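Please review the structure shown below together with this briefing.

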Amino acid sequence: MKDFLMMPKGFMGLPQEEEFITVAQNKANFLVAVKDWHYGPEEPSNDPKANPDFYASLADAMQCDAKDAKRKHCSNCEYYDNSFMTQVRIERIPMAGYDIGYGYRGHCEKLNFICNDMRVCQAWEDEEYED
């Protein structure tokens, strides 16, 4: 069991020069996601009755019904990346107020910002699965 917990030789984390978004880029892209892509809701919840105005507005923007809009989350979007190495990169970006208490963080590959799995935006697309 002791060997299982050992760090493999040569792996000491991700080099700092490994390219990823900066704090400033993340903040700017987050603001674009909120303003132009309907990113939200501000206070996500697992309660199916929560945020009805947000989901009605999102449904209108996405041309679907509110029930379908509520089924869409960053975590089931084609562009959501929460892989191991992405999590290592995300750790470089400090938690912001909108991160705390609203699910896990992932990287939105389309809008290039750190999103939360309980939120959604108009850029949402269903994951493509290979047969």
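The points below are grouped by topic, after a note on conventions.

This is a predicted model, in which local features need pLDDT of at least 70 and side-chain atom pairs count only at pLDDT 80 or more, while totals for chains, interfaces and linings use all residues. Residues are numbered from 1 along each chain as its sequence is written, and side-chain values use heavy atoms, with hydrogens and water left out.

**Aromatic pairs**

- The structure contains 5 aromatic pairs, where rings of Phe, Tyr and Trp (its six-membered ring) pair if their centres lie within 6.5 Å, and planes under 30 degrees apart count as stacked, over 60 as edge-to-face and the rest as tilted.
- One of these pairs joins Phe 30 and Tyr 39 edge-to-face, with 5.9 Å centre to centre and 85° between the planes.
- Phe 54 is buried at a relative accessible area of 15%, and Tyr 55 is buried at 5%.
- A cluster linked by ring pairs comprises Phe 30, Tyr 39, Tyr 98 and Phe 113.

**Cysteines**

- The whole structure has 0 disulfides, a disulfide being a pair of cysteine sulfur atoms within 2.5 Å.
- Cys 74 is buried, with a relative accessible area of 9%, and Cys 108 is buried, with 7%.

**Cavity**

- The count is 1 cavity of 30 Å³ or more, a cavity being a set of points on a 1 Å grid over the protein atoms alone where a 1.4 Å probe fits but cannot get out.
- The largest cavity has a volume of about 90 Å³, taken as the space filled by probe spheres set on the points, with grid points joined across faces, edges and corners.
- Its lining (residues with an atom within 4 Å of a point) includes Tyr 39, Cys 74, Cys 108, Phe 113, Cys 115 and Trp 124.
- The lining of the largest cavity has 12 nonpolar residues, no polar and no charged; Ala, Val, Leu, Ile, Met, Phe, Trp, Tyr, Cys and Pro count as nonpolar, Asp, Glu, Lys and Arg as charged, and the others, Gly among them, as polar.

Technical notes: Buried < 20%, exposed > 50% of the residue type's maximum accessible area, 1.4 Å probe, protein only. 1 Å grid on protein atoms, 1.4 Å probe; cavity = no way out; pocket = protein on both sides within 12 Å on 5 of 7 lines; lining within 4 Å.
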